[in-house]
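Subject: Structure handover

Hello,

Here is the structure we talked about. Please open it alongside these notes.

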Amino acid sequence: MDEIRSTVKIVGHTDCGEAICAAGGRISTLSGNTEQILEKSCDAQKNAALIGKVTASGHTSVIEHISFNLAFTNVSVLVEQFMIEFRLASFTVKSRRYVDFSDAGFYVPEFSDPDERKRFICAMGGRFDDYGRLVELGIPKEDARFVLPYCFYSNFLCTLNGRELYHVLEAMLFGRGASYPEIRTLGEQLLEQARNIAPGTFGRFMEQPHPVQDGTLPGFALPSPEGKSVPDPHMAELLAHTPEPEKVVAQTALIDCTHSSTAAVNTMIDDPSARAAVLDHVMRSSRPRALENVSFTFRLNGLSLAGVTHLVRHRMQSVMIPPLNTGDPERYVLPESIRANAQALQIYTDAFRKAAAYHCAAPECVKAYALLSGTTLDPIVTMNGRELLLFLRLRTCNRAQWEIRAYAVEMLLTLRDLAPALFAHFGPSCCVMDHCPEGRLSCGKMKEVRERFKA
């Protein structure tokens, strides 16, 4: 197998980034308008010194004024998963729903034992063979991808500001990514480039104190009597929510637009018809800010690693994903297209059986790479009402990938049981917007979809 080096390259950045960051450090203490202060921020050495001084004192907001465009080339999808969890960054990823990954190749971790390395290459190569066989049988690529191991090569673009890049580097070099040589090496590449571009921001990065990043809870393991996790019967399990969400949305919307007393507002919305009218007004608004005042926390039981990538693309949420090296290779998703094809089903189940056997004997440092994309985890997500509106618009749509759509539909049903007057307004775009925004990619079933979601 030919070796391909995983790389990250800063392909673009704010031209006058440190000048703007330094101006940000000066603007609160100097007289003069913004342009005058920018004119005083033309000395690169003085700018670098000022940025270093300001950030060392904990005022790191000034480095948000510089942004970086990163190109990740032939990195493992494990790196993609690591990166995409940073909420203040933007990503564009090659789609596994539409692109054939038969010849994508895969990352090989560092091994001290050459025989162990050969076993890894053989095992992972076998899963790519399984992927190719499934595609040849006519299985959709979005379903065949579930047998791809989490070492397959990913290529993606990322844009983030200096402060978020600082956090990324901390996680790569000192935190949850540092235990993976691939991620640590990418972090070293990234830091070297960032130092050259923005010496005031990153020049003394390694000299700064960095907090230990450890999310484990030692002594709190709660195994089931059988020793394995028992899946919850609900795919989307509502763990917590704002009490009386309909009342809170109507209440905050009325306070915002009428400036009436809270008592007067509460008296008005005690009338169910008045409350419904206010909610209807909020939902028809182009800026439904009142929805941001309610939040909902779901545990998504048994979501595949591939499904997680659809979930985390929604940036305005809090999401907790269990560490991949703790994943259970015997838990996996089974697509209907596989279930309906006896030959494909045999290939698919054999792939997971072989992957589980390899995972059991694999060194700890490569277990995450050996998980298949159909392996399931139970992520926890918290979204406010406005982000839920967007999430459910996109993910209950017929154009959405079938797995994440199933979770989104169950979330919506749960929310409608909880707060029917509010969530009756939620659903796919054609229901919320009264038209389909998908253009030529529309499912062409707008009438049936609207009737189904309004039922």
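A crossing is left-handed if the near helix is turned anticlockwise from the far one by less than a right angle, and right-handed if clockwise. By that rule, helix 1 passes helix 3 in a left-handed crossing. Keep in mind that this is a predicted model.

**Helix packing**

Two packed helices are described by the angle between their axes and the distance between the axes. Helix 1 spans residues 17-26 and helix 3 spans residues 44-56. Their axes come within 9 Å and cross at roughly 55 degrees. Helix 1 is therefore oblique to helix 3. On the helix 1 side, the contact residues are Glu18, Ala19, Cys21, Ala22, Gly25 and Arg26. They meet Lys46, Asn47, Ala48, Leu50 and Ile51 of helix 3.

**Aromatic rings**

The structure holds 20 aromatic pairs. One of them joins Phe68 and Phe202. The geometry is edge-to-face, with 5.9 Å centre to centre and 70 degrees between the planes. This pair links distant parts of the chain, 134 residues apart. Phe68 sits in strand 2 (residues 67-76), and Phe202 in helix 9 (residues 199-202).

**A charge over a ring**

Look at Arg145 too. Arg145 lies over the face of Phe146, at 5.6 Å from the ring centre.

Best regards

Definitions and conventions. Residues are numbered from 1 along each chain as its sequence is written. This is a predicted model: local features need pLDDT of at least 70, side-chain atom pairs count only at pLDDT 80 or more; totals for chains, interfaces and linings use all residues. Side-chain values use heavy atoms; hydrogens and water are left out. Rings of Phe, Tyr and Trp (its six-membered ring) pair if their centres lie within 6.5 Å; planes under 30 degrees apart count as stacked, over 60 as edge-to-face and the rest as tilted. Helices (H or I, at least four residues) and strands (E, at least two) are DSSP runs, numbered from the N terminus. A charge sits over a ring if NZ of Lys or CZ of Arg is within 6 Å of the ring centre and within 35 degrees of the ring normal. Axes are lines fitted to C-alpha atoms, for helices over the stretch in contact, and angles run from 0 to 180 degrees between N-to-C directions. Angles under 35 degrees count as roughly parallel, over 145 as roughly antiparallel, 65 to 115 as roughly perpendicular and the rest as oblique. Contact means heavy atoms within 4.5 Å.
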